[in-house]
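Hi,

Here is the structure I promised to pass on. Have a look at it first, and my notes follow below.

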Amino acid sequence: MIKAGVVGWPIEQSKSPIIHNYWLDKYDINGSYIKISLNPERFTSGIKELIDEGYAGVNVTVPHKENALRISTFATDRANKIGAANTLIFKDNKIYADNTDGTGFIDNLKNSALEWRANVGPAMVLGAGGAARSIIYSLLAQGTPKIILANRTYERAEKLADIFGNKISVIDWNNISIHLPKINTLINTTVLGMVGSSSLNVDLNTLTSNTLVTDIVYNPLITPLILKARKTGCTTVDGLGMLLYQAVPGFKSWFGVEPAIDEILRKKVLAEL
Ligand code: ATR
């Protein structure tokens, strides 16, 4: 039996087992995928134990993503540039690290908004945390000519911009509305709009219907941002797809099948939110 799982601290909230176990069942694969709770002090030794137990690999979530990259033997260019890994593959006692968050983000947009192109105009990214970093990497890799970055804490956005160079322009959180009319793709990478968080407190009145709007928040599925964009006539893409698409490369590496994302899977995950 092929064994995999997801490592985090805490791990109870993870939806990854629903996704991978759905695919194991769908493709009739003799495999398992479980939640593994490891506190940060135990991360490195815990991963070694999983390797010794014959695991094929694991997904890694908060707070271990940077450490996962650090302990790897080899890492993809995208994991190195993002500075974190969410997917580890164990082979011949070596650890291969990848980061599939950004590619999950892009694959979701490509599959949900068929007309959308990353390279036809500037993107605006709201937020400057780990999610923003993987999304900026992927947008640039897809040819986005310019990225306007806004974050509550300006300095944090500047630090992120330094990593990616002169295609990134940092703007003040209060100036978002000035730049919105020119934007091809608007992405919320902050927690704002999520159940239990405050709502996105920015002026969206200058948004036009030419902008594709997406949110990485998927609980609720229709965030206030998505609702406002729909009312403006924008194409919108919810955040659940990113969660589903980021799981594809890991599943393929461990279990040998490229899994498809279907409506049953979306419904299964939604039912557990
Ligand atoms: P992740 O790694 O998942 O992206 P994170 O590093 O905690 O998470 O980043 C969360 C993002 O949400 C940050 O951009 C944060 O802004 P700060 O850098 O100023 O903290 C943003 N965020 C969180 N609460 C916010 C709020 N009330 N208003 C505006 N932005 C907020």
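This is a predicted model: local features need pLDDT of at least 70, side-chain atom pairs count only at pLDDT 80 or more; totals for chains, interfaces and linings use all residues.

**The domain interface**

Four residue pairs are in polar contact across the interface of domain 1 and domain 2, both partners being at pLDDT 80 or more. On the side of domain 1 that touches domain 2, the residues split into one nonpolar, five polar and four charged.

As for the layout, domain 1 covers 2-100 + 246-261, and domain 2 covers 102-241. Their C-alpha centres sit 27 Å apart, and the contact draws on 10 residues from domain 1 and nine residues from domain 2. Together the two domains bury about 770 Å², with 60% of that on carbon and sulfur atoms.

**The ligand**

The ligand has 13 residues around it, and Gly130, Asn151, Arg152, Thr153 and Arg156 are the closest. By type, that shell is made up of five nonpolar, six polar and two charged residues.

Some ligand oxygen distances to check on your screen:

- Asn151: a polar side-chain atom is 2.6 Å from a ligand oxygen.
- Gly130: a backbone N or O atom is 2.9 Å from a ligand oxygen.
- Ala128: a polar backbone atom is 2.9 Å from a ligand oxygen.

On its own the ligand has 640 Å² of accessible area, and the protein covers 69% of it.

Cheers

Methods. Residues are numbered from 1 along each chain as its sequence is written. Side-chain values use heavy atoms; hydrogens and water are left out. Domain bounds come from an automatic or database domain assignment. Contact means heavy atoms within 4.5 Å. Buried area is the accessible area (1.4 Å probe) that two parts lose on being put together, summed over both. A polar contact is a pair of N or O atoms within 3.5 Å; within protein, one must be able to donate a hydrogen and the other to accept it, and residues adjacent in sequence count only if both atoms are side-chain atoms. Ala, Val, Leu, Ile, Met, Phe, Trp, Tyr, Cys and Pro count as nonpolar, Asp, Glu, Lys and Arg as charged, and the others, Gly among them, as polar. A residue is near a molecule or strand if one of its heavy atoms lies within 4 Å of it. Accessible areas come from the Shrake-Rupley method with a 1.4 Å probe; for residues, only the protein chains shown count as cover.
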